[in-house]
Amino acid sequence: MQDLIIEAWGNRDLLKDKKYSDAIREVIEALDKGQLRVAEKKETKWEVNEWVKQAILMYFAIQPMQTWDVAPFEFYDKMLLKKDYEKQGVRAVPHAVARYGAFLGRNVVLMPSYTNIGAYVDEGTMVDTWATVGSCAQIGKGVHLSGGVGIGGVLEPLQANPVIIEDGCFLGSRSIVVEGVVVEKEAVLGANVVLTKSTRIIDVSKEVAIETKGRIPARSVVIPGTYTKKFPAGEYQVPCALIIGKRKASTDLKTSLNDALRDFNVAV
């Protein structure tokens, strides 16, 4: 499949050949079943399978537009939706929507939410009300995406990393993670934390602050913060993310956000 996808990517006229369009559909089916992933962790590093993203983009090209009538609503699109939730062991609450080509592990709970094609949501994860899991995002086991969480999607550029949320993480209400940021295992993000590729991540848990970007270390507890930046018009407060400590070993993995933050005398 990989050779056919790469060949078709270089010559779109090949999409008229059933051999190539069938290969694209096989890739999407494998994504839907979790047999393929857009990104995989090899040892300690996440690697992107660019050819899989190529297949997703070409799938848009070969799918016909069609109308769905769900009275009184009407939808007009070319992408199918996932089905057979009971067989997959997934709880889908009305109006949860997941596109075909997204994988959902057993015991995933979808409250009214949206999961896009290419996403991988591992077993036991909660996608809470109005949360969004963008295209190709990789969500680990036992993650809680609280109400209104926004996980960004990425299809282009092909080499761009998707957002990675590793096992056991808790993302507080209205937090946003985009542009390939990695949130490592069992980290806790407080409500309204915004993480982009350029967001300053400042560890203030020790005497000397340490600044990084693009990655939240495992078991970190993170809250929104600001720092002062000079502009031609004056000095203004710019958002950042503050690591205020590590999750305690005694903290149960299923604890609420408030319980996790209480260890640091912080209310968010």
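Six strands line up in an open sheet, in the order S6-S9-S12-S15-S18-S21, and the pairing is parallel. Strand S6 (97–98) and strand S21 (194–195) sit at the edges, each pairing on one side only. Strands here, like helices, are DSSP runs numbered from the N terminus (E, at least two residues, for strands; H or I, at least four, for helices), and two strands count as paired if DSSP finds at least two bridges between them. The model is a predicted one, so local features need pLDDT of at least 70 and side-chain atom pairs count only at pLDDT 80 or more, while totals for chains, interfaces and linings use all residues. Residues are numbered from 1 along each chain as its sequence is written, and side-chain values use heavy atoms, with hydrogens and water left out.

Inside this sheet, strand S9 (residues 114–115) runs parallel to strand S12 (residues 132–133), and 2 bridges join them. Thr-115 has Val-133 in S12 as its bridge partner. There is another open sheet of 6 strands, again with parallel pairing, and its order is S7-S10-S13-S16-S19-S24. Its edges are strand S7 (103–104) and strand S24 (215–216); each has a single partner strand, so one side of each is left without a neighbour in the sheet. Strand S10 (residues 120–121) pairs with strand S13 (residues 138–139) in the parallel sense over 2 bridges, with Tyr-120 opposite Gln-138 in S13.

Not every pairing goes that way. Strand S1 (residues 39–42) and S2 run antiparallel and are joined by 4 bridges. The two form a hairpin with 2 residues between them, and Glu-43 in the turn has a positive phi of about 60 degrees. In a regular strand the side chains alternate between the two faces of the sheet. Buried stands for under 20% relative accessible area, exposed for over 50%, and partly exposed for anything in between (1.4 Å probe, protein chains only).

Ala-39 belongs to strand S1, and its bridge partner in S2 is Val-48. With 1% relative accessibility, Ala-39 counts as buried. Leaving aside neighbours within four places in sequence, Ala-39 is in contact (heavy atoms within 4.5 Å) with Trp-46, Glu-47, Val-48, Asn-49, Gln-138 and Pro-162. Ala-39 and Lys-185 are 146 residues apart in sequence and 16 Å apart in space, C-alpha to C-alpha.

As for packing, the largest nonpolar core has 35 residues, and those with the most contacts inside it are Ile-151, Ile-165, Val-177, Val-183 and Leu-195. A second, separate core has 27 residues, including Ile-28, Leu-36, Trp-51 and Leu-158. A nonpolar core means a set of buried Ala, Val, Leu, Ile, Met, Phe, Trp, Tyr and Cys residues joined through side-chain atoms within 4.5 Å. Not counting residues up to four places away in sequence, Val-183 touches Ile-164, Ile-165, Glu-166, Cys-169, Val-177, Leu-189, Leu-195 and Ile-216.

The structure holds 10 salt bridges (a side-chain nitrogen of Lys or Arg within 4 Å of a carboxyl oxygen of Asp or Glu). One of them links Asp-22 to Lys-18, with the closest N and O atoms 2.6 Å apart. These two are 4 residues apart in helix H2 (residues 18–32), and so are separated by about one helical turn. Asp-22 is partly exposed at 28% relative accessibility, while Lys-18 is exposed, its relative accessible area being 57%.

Lys-41 and Glu-166 also meet in a salt bridge through their side chains (3.0 Å, N to O). Lys-41 lies in strand S1 and Glu-166 in the loop between strand S16 (164–165) and strand S17 (170–171), so the pair ties together parts that are 125 residues apart in sequence. Glu-166, at 9% relative accessibility, counts as buried; Lys-41, at 41%, counts as partly exposed.

A further salt bridge joins the side chains of Asp-122 and Lys-141 (3.2 Å, N to O). Asp-122 is in the loop between S10 and strand S11 (126–127), and Lys-141 in the loop between S13 and strand S14 (144–145), so this pair ties together parts 19 residues apart in sequence. Asp-122 counts as buried at 10% relative accessibility, and Lys-141 as partly exposed at 37%.
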